[in-house]
Amino acid sequence: MRVNAMSPPTVRRPLGARRRALVTGALGALGLITALATAIPADAAAGTLGAAAAQSGRYFGTAIASGKLGDSAYTTIANREFDMVTAENEMKIDATEPNRGQFNFTSGDRVYNWAVQNGKRVRGHTLAWHSQQPGWMQSLSGSSLRQAMIDHINGVMGHYKGKIYAWDVVNEAYADSGGGRRDSNLQRTGNDWIEVAFRTARAADPAAKLCYNDYNIDNWTWAKTQGVYNMVRDFKSRGVPIDCVGLQSHFNSNSPYNSNYRTTIQSFAALGVDVQITELDIQGGSATTYANVVNDCLAVPRCTGITVWGVRDSDSWLGANTTPLLFDSSGNKKAAYTAVLNALNGGSTTPPGGGDAGQIRNTASGRCVDVPNSSTTDGTAAQLWDCNGQSNQQWTQTSAGELKVYGNKCLDAGGTGNGARIQIYSCWGGDNQKWRVNSDGTIVGVQSGLCLDAVGGGTGNGTGLQLYSCWGGSNQKWTYNASTA
């Protein structure tokens with residue numbers, strides 16, 4: 001999505017339904033896991049959007065414009081309410097590479113620094129897009145444009161390597177009707193351009209979640225939704241690195257919220273990707289619709305968070321008169337805000353990816369990641385042991401990328417090089433406690449980029465765990481089973 005770069009989407013008709021020191025690292029999805037949902041007790045209700053979303057392991061974010069960071073009313077609301085930040089325009093192509101090979105991160109860094117200084121994570125938006133290209137890129141075609149796209153991804157992701165939670169790698173690549181690709185200069189470089197963008201992005205920053213982002217893919221019956229769904233399914237089947245789908249969810253009278261929205265979220269999630277609602281606004285600000293959107297996300301474990309596209313109505317790309325956000329132009333909470341907060345406080349406590357603790361089982365040995373003697377002492381080395389379902393083998397995924405045992409201890413890398421031991425340590429949010437689980441079964445430390453490895457290829461009880469360069473061996477392959485056996 002862009003600000004002031006397009007009019008609201010035109011009318012879309014449903015197009016043929018097809019049913020179907022301290023050591024410092026982000027975990028991708030651990031697979032679709034059946035979860036037990038429990039109601040949040042009234043006394044646990046949180047008073048802000050970010051805190052309320054965090055109760056279920058999700059985030060609630062907003063788009064931030066660097067030019068408004070001097071507005072104290074704006075920053076007060078943003079800092080209080082949200083725990084995820086997306087740069088509105090400052091990380092797009094024209095902003096970050098105004099001249100070929102000459103990068104400018106001044107505005108992007110301003111948004112990023114404000115976010116992290118206030119304890120928030122950051123989504124990156126966006127790397128490859130037909131719109132908001134600088135003039136030099138618009139003039140390119142063919143192999144020159146393809147190389148420019150690759151260089152841009154490497155340049156921007158290299159600057160922010162290890163710092164961004166998720167990137168919208170490719171934005172709005174599908175046509176508004178018919179279910180096929182948009183005719184753009186990037187598309188004309190070859191139909192594999194999206195795949196190339198994702199593979200480039202994974203190599204550039206293995207820690208970041210990689211998302212495809214688009215508008216009008218909310219309604220499950222629409223051809224555009226099905227086109228993107230088929231692409232994601234193909235990518236997952238061929239091992240193309242894609243971790244999430246971003247639903248922009250700009251709802252208006254021409255592209256309204258539909259009750260099959262939950263089906264859309266569930267269907268994408270069933271492919272093995274997270275779903276993030278990335279640019280939510282609802283023209284007219286219907287409290288009921290806002291609550292429905294939140295409840296639909298809460299109902300799907302792999303819907304990991306929601307971002308509204310702006311703080312106050314006066315900050316919206318649509319204009320204040322469309323009243324699409326949760327705060328009015330004076331910064332007052334609207335009925336939609338209350339509806340969202342209540343939905344978050346009354347929703348599922350299931351973390352994305354599943355709330356039940358489960359065993360992490362090594363493929364080579366069949367044994368489980370285990371804390372010796374059920375120790376809770378910081379620095380206790382993890383090991384392989386016969387799977388027994390006890391609490392010292394039960395690991396819970398969090399949306400931040402941690403693997404928790406006992407509820408407050410994290411799987412922790414005691415270094416960044418080959419041979420660094422794996423231990424438990426009190427969770428504190430460091431990157432060495434965050435992990436990416438890949439579709440090939442490897443578990444990669446976000447900070448180090450190395451694989452979780454059974455020492456020496458060992459398979460016996462007591463075999464230690466370490467970080468080691470990924471090489472594809474079965475001692476570096478793992479499965480996660482959500483059971484309490």
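Does C427 count as buried, partly exposed or exposed, and at what relative accessibility? I looked this up in a predicted model. C427 counts as partly exposed, at 25% relative accessibility.

**Entry: the C427 link**

I followed the sulfur of C427 to its partner. A disulfide joins C410 to C427, with S to S at 2.1 Å. The link of C410 and C427 is right-handed, with 105 degrees about the S-S bond. C410 lies in strand β15 and C427 in the loop between β16 and β17 (435-437), so the pair ties together parts 17 residues apart in sequence. I checked the other end too: C410 counts as buried, at 0% relative accessibility.

**Entry: the sheet around β15**

I then traced the strands. An open sheet of 4 strands runs in the order β13-β14-β15-β16, with antiparallel pairing. Its edge strands are β13 (396-397) and β16 (422-426), each pairing on one side only. Strand β15 (residues 409-413) pairs with β16 over 5 bridges, in the antiparallel sense.

**Entry: other disulfides**

I searched the whole structure and found 5 disulfides. In sequence order, the bonded cysteines pair 1-2, 3-4, 5-6, 7-8, 9-10.

C368 is joined to C387 by a disulfide, S to S 2.0 Å. This link is right-handed, with 100 degrees about the S-S bond. C368 sits in strand β11 (residues 368-370) and C387 in the loop between β12 (383-385) and β13, 19 residues apart. C368 is buried at 0% relative accessible area. C387 counts as partly exposed at 27%.

C451 and C470 form a disulfide, S to S 2.0 Å. The torsion about their S-S bond is about 105 degrees, so this disulfide is right-handed. C451 is in strand β19 (residues 451-454), and C470 is in the loop between β20 (465-468) and β21 (478-481). C451 counts as buried at 0% relative accessibility, while C470 counts as partly exposed at 41%.

I tested the length of α10 (residues 287-298). At 1.5 Å a residue, its 12 residues should span 16 Å; the end C-alpha atoms are 17 Å apart, which agrees. At its start, a side-chain oxygen of S286 reaches to within 3.4 Å of the backbone nitrogen of T288. The buried residues of α10 include Y290, V293, V294 and L298. They pack against several elements, among them α9 (261-269), β8 (274-282) and α11 (335-346).

I ran the length test on α11. Its 12 residues should span 16 Å at 1.5 Å a residue, and the end C-alpha atoms are 16 Å apart, which agrees. Buried residues in α11 include Y337, V340, L341 and L344. What do the buried residues of α11 pack against? I found α1 (49-54), β1 (59-64), α2 (72-81) and α10.

Key
Residues are numbered from 1 along each chain as its sequence is written. This is a predicted model: local features need pLDDT of at least 70, side-chain atom pairs count only at pLDDT 80 or more; totals for chains, interfaces and linings use all residues. Side-chain values use heavy atoms; hydrogens and water are left out. Helices (H or I, at least four residues) and strands (E, at least two) are DSSP runs, numbered from the N terminus. The expected span of a helix is 1.5 Å times one less than its number of residues. Buried means under 20% relative accessible area, exposed over 50%, partly exposed in between (1.4 Å probe, protein chains only). Contact means heavy atoms within 4.5 Å. A polar contact is a pair of N or O atoms within 3.5 Å; within protein, one must be able to donate a hydrogen and the other to accept it, and residues adjacent in sequence count only if both atoms are side-chain atoms. Two strands pair if DSSP finds at least two bridges between them. A disulfide is a pair of cysteine sulfur atoms within 2.5 Å.
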